[in-house]
Amino acid sequence: MSPRRSVAEALGTRAAILDRSVAIASNDGLEGLTIGRLAAELAMSKSGVLGHFGSKEALQLAVLGRADEIFRAEVWEPARSAAPGLTRLRVLCEAWISYLERQVFPGGCFFTAAAHEFDGRPGPVRDAVESRFDAWRDRLGKEIRRAVAAGDLPEDTEPGLLAFELLGLAMALNHAVQLHRDPRAATYARQAMRARLGHTPTH
């Protein structure tokens, strides 16, 4: 076997472990992710799974990274090509709602679940969850400031407050979809986000 093929196979195995880990952790939490369970489900040895990451904590951090890639592909990438500011913010919010409505992760928003699991527990995993929320809030704030500068939002708009409200609406949608199975939840979220961004729906 050539070194190049060996590396490619190792990367493929690592990717398969991460994808299965994301699916498990989405439903059962990052703490529900065990080396033994992964080994059994992937027909691997425990040492074979552990060899790709070194520790359970390293695996959890890698899973967060993979979940972040999926979230960005689902929510940020559809908005990237839109005009910066309010137009991009509206496209982003629609993609965000769609991501939650379609339940891209089996257990709902991966990071909302991880935040509930780790918000009171200090350590690298909690810090990694917080940093991703911070980065997303900063992204929202940046687009809000651009919309204010362009005159698309009122001058007195507080970017931090509006980002806080949009995050709250997304979390409420996730809760309504996952816990209540409310078929009206996505419609309510769209109406609320559009109203907050100054968009009047057409009928």
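User: Is the crossing of α4 and α5 right-handed or left-handed?

Analyst: A crossing is left-handed if the near helix is turned anticlockwise from the far one by less than a right angle, and right-handed if clockwise. The crossing of α4 and α5 is right-handed. This is a predicted model, where local features need pLDDT of at least 70, side-chain atom pairs count only at pLDDT 80 or more, and totals for chains, interfaces and linings use all residues. Residues are numbered from 1 along each chain as its sequence is written, and side-chain values use heavy atoms, with hydrogens and water left out.

User: At what angle do the axes of α4 and α5 cross?

Analyst: Axes are lines fitted to C-alpha atoms, for helices over the stretch in contact, and angles run from 0 to 180 degrees between N-to-C directions. Helix α4 (residues 56-80) and helix α5 (residues 86-101) cross at roughly 155°, and their axes come within 8 Å. The two are therefore roughly antiparallel (angles over 145 degrees).

User: Which residues of α4 meet α5?

Analyst: Contact means heavy atoms within 4.5 Å. On the α4 side they are Phe-71, Glu-74, Val-75, Trp-76, Pro-78, Ala-79 and Arg-80.

User: Is Arg-80 buried, partly exposed or exposed?

Analyst: Buried means under 20% relative accessible area, exposed over 50%, partly exposed in between (1.4 Å probe, protein chains only). Arg-80 has 46% relative accessibility, so Arg-80 counts as partly exposed.

Conventions: Helix = DSSP H or I, 4+ residues; strand = E, 2+ residues; numbered from the N terminus. Parallel < 35°, antiparallel > 145°, perpendicular 65-115°, else oblique.
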